[in-house]
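Work through the exercises below with the sequence and the 3D view open. Try each task before reading its solution.

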Amino acid sequence: MTSRYRSSKPSEDLDSFTPRRRTVVKAAAATAVLTGPLAATLPARAVDQAPVFLHGVASGDPLPDGVLLWTRVTPVPEAIPGSGLGPDTEVSWVVARDRAFTTVVAKGSTTATAASDHTVKADIRGLEPATDYWFRFSAGGTASPAARTRTAPAADAAVTGLRFGVVSCANWEAGYFSPYRHLAARGDLDAWLHLGDYIYEYGTGEYGTRGTVVRPHAPAHEIVTLADYRVRHARYKTDPDLQALHAAAPVVAIWDDHEFANDAWSGGAENHTEGAEGTWSARQAAAKQAYFEWMPVRPAIAGTTYRRLRFGKLADLSLLDLRSFRSQQVKVGNGEVDDPDRTLTGRAQLDWLKAGLAASDTTWRLVGNSVMVSPFAIGSLSADLLKPLAKLLGLPQEGLALNTDQWDGYTDDRRELLAHLRAHAIRNTVFLTGDIHMAWANDVPVDAGTYPLSPSAATEFVVTSVTSDNLDDMVKVPQGTVSAVAAPVIRAANRHVHWVDTDRHGFGVLDITAERAQMDYYVISDRARRDATATWSRSYRTRSGTQKVERTYDPV
């Protein structure tokens with residue numbers, strides 16, 4: 001495979017969209033889901049052949065000398081995800097320089113247990129930097145599929161190029177994950193970034209799908225317990241396109257709210273009823289446990305996803321956890337969004353981010369950011385567009401048009417961070433964002449109220465959803481219909497926004513050189529079709545030293 005590191009060193013209707021308070025999940029439902037209905041969601045061979053690797057293999061969090069490997073084994077037919085059943089099972093792993101596994105460089109074994117839902121991780125070290133490797137697992141004479149991974153370049157390597165896939169917001173029921181398939185087929189990714197909402201917590205039919213559930217998820221009810229979250233993660237990991245992308249390149253993932261519940265904050269969530277659905281602390285702990293079991297993520301601090309990775313001298317990547325520490329979202333219009341006692345990041349994480357940005361000696365400072373940092377006002381949208389946009393963003397349908405779930409609802413944290421970038425002359429900070437189900441290319445002004453007179457402190461590339469509803473899905477019109485009207489109004493009210501597409505699903509490809517960071521935006525033809533095609537849509541870049549976004553007319 002061609003090396004991508006070029007190093008100098010070897011090496012439905014509108015009202016039905018808004019999630020309502022959920023029916024109380026009975027304890028019996030969690031038990032029932034572990035029997036016949038759940039077994040039916042697994043491939044047929046699970047009931048007559050074991051051990052098997054039904055959920056694929058994955059790697060993540062690449063380092064110069066290592067990478068984290070992941071799989072889940074089904075040791076016996078009854079050891080279905082979330083069941084708590086099945087024996088301890090030895091799982092071996094092997095890493096080689098070639099796909100034929102003739103040059104093995106590392107091997108070992110670990111034990112899969114019911115306590116970890118028979119998921120296993122192997123944190124491999126002693127590898128060479130900026131190198132492709134192949135790996136696989138085995139158990140009881142059965143081998144998993146083989147997969148490619150890649151280490152990061154050495155910390156002091158003069159890397160001339162990096163390329164990352166960028167995705168977010170994958171609603172299983174709304175369609176097929178063709179963006180993952182198209183990214184997997186490229187063969188040129190150093191890694192791929194998942195910026196949150198890898199899974200969704202809702203029950204069947206409770207989240208936007210243009211009124212049609214393309215494929216039902218499991219369990220059918222809203223997920224609340226540890227068993228529920230395990231089952232939902234397992235369901236996602238059976239998707240062939242997701243398995244293909246995990247087998248093609250290492251993932252770097254953070255969570256957003258739907259890995260827990262809609263509009264989650266440190267003490268609760270919009271989609272959580274305290275008492276009727278148990279305690280928030282128990283639900284949050286269950287969601288986090290399942291996430292770390294089922295995702296190839298190496299937490300730097302237990303129970304969070306904020307951490308930092310480095311890719312030679314070209315870029316470092318600060319990854320944020322914007323759910324574990326945040327204050328509760330507030331209503332718009334009462335001034336609380338500016339309250340300095342409220343926080344999105346938490347004090348420790350914000351200090352960590354500021355210190356890391358100031359100390360960075362790389363050309364580019366990338367920030368994996370689950371919710372949009374650029375300020376956003378709706379402006380004078382017509383009522384027929386304002387209503388669905390307000391629903392999509394969780395906004396009040398009258399009054400000020402702010403999304404208080406993103407950085408707009410925590411302006412003191414944003415003001416402090418952007419002032420820090422300006423005060424320390426920190427250049428080339430690029431926020432990489434998901435969540436909003438639209439594609440954006442933004443400058444990040446220090447003061448949006450005076451922009452363009454206010455300097456831009458950073459830039460932001462926002463990727464659209466893999467499948468989750470866009471505005472056109474909500475109003476059930478053809479792709480592009482809403483964006484043609486809404487995009488000019490949004491840009492007029494937000495002069496730092498260079499481009500927004502409110503209507504399409506897809507993915508991004510971020511290509512970085514010393515001279516520029518460029519995001520190529522791709523859209524898919526139809527999320528409801530397994531064979532959806534992908535087409536390049538637009539490209540934007542920021543040149544080194546400018547802190548400004550500009551359009552470019554060809555993908556890299």
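**Exercise 1. Sort the lining of the largest cavity by residue class, then trace where the lining comes from.**

Solution. Step 1: the classes. The lining of the largest cavity has six nonpolar, three polar and two charged residues. Here Ala, Val, Leu, Ile, Met, Phe, Trp, Tyr, Cys and Pro count as nonpolar, Asp, Glu, Lys and Arg as charged, and the others, Gly among them, as polar.

Note the ground rules. This is a predicted model: local features need pLDDT of at least 70, side-chain atom pairs count only at pLDDT 80 or more, and totals for chains, interfaces and linings use all residues. Residues are numbered from 1 along each chain as its sequence is written, and side-chain values use heavy atoms, with hydrogens and water left out.

Step 1: the residues. Ala439, Thr464, Trp499, Asp501, Arg504, Gly506, Phe507, Tyr521, Tyr522, Val523 and Ser537 line the largest cavity. On a 1 Å grid over the protein atoms alone, a cavity is a set of points where a 1.4 Å probe fits but cannot get out; a pocket is an open set with protein on both sides within 12 Å along at least five of seven lines; lining residues have an atom within 4 Å of a point.

Step 2: the elements. β20 (497-501), β21 and β22 (516-524) each supply at least two lining residues. β22 gives the largest share, three residues. Strands are DSSP runs of E, at least two residues, and helices runs of H or I, at least four, numbered from the N terminus.

Step 3: the volume. The largest cavity holds about 60 Å³ of space. A volume is the space filled by probe spheres set on the grid points, which are joined across faces, edges and corners.

**Exercise 2. Check the length of helix α10, then find what covers its buried residues.**

Solution. Step 1: the length. α10 has 13 residues (411-423), so at 1.5 Å a residue it should span 18 Å. The expected span is 1.5 Å times one less than the number of residues. The end C-alpha atoms are 18 Å apart, which agrees.

Step 1: burial. Thr411, Asp413, Arg414, Leu417, Leu418, His420 and Leu421 are buried in α10. Buried means under 20% relative accessible area, exposed over 50%, partly exposed in between (1.4 Å probe, protein chains only).

Step 2: the cover. It includes α8 (347-359), β17 (429-433), β18 (439-445) and β19 (456-462). Contact means heavy atoms within 4.5 Å.

Step 3: the pocket. α10 gives the most to the lining of the second largest pocket, with four residues. That pocket is lined by 18 residues, and Arg414 is among those nearest its centre. Its volume is about 350 Å³.

**Exercise 3. Which polar partners does the side chain of Asn403 have?**

Solution. Step 1: the place. Asn403 lies in the loop between α9 (383-393) and α10. Asn403 counts as buried because its relative accessibility is 4%.

Step 1: the partners. A polar atom of the Asn403 side chain lies 3.0 Å from the backbone nitrogen of Asp405.

**Exercise 4. Is Leu510 buried or exposed?**

Solution. Leu510 sits in strand β21 (residues 506-512). Leu510 is buried, because its relative accessible area is 0%. Beyond four places in sequence, its contacts include Leu162, Phe164, Leu432 and Phe461.

Key: A polar contact is a pair of N or O atoms within 3.5 Å; within protein, one must be able to donate a hydrogen and the other to accept it, and residues adjacent in sequence count only if both atoms are side-chain atoms.
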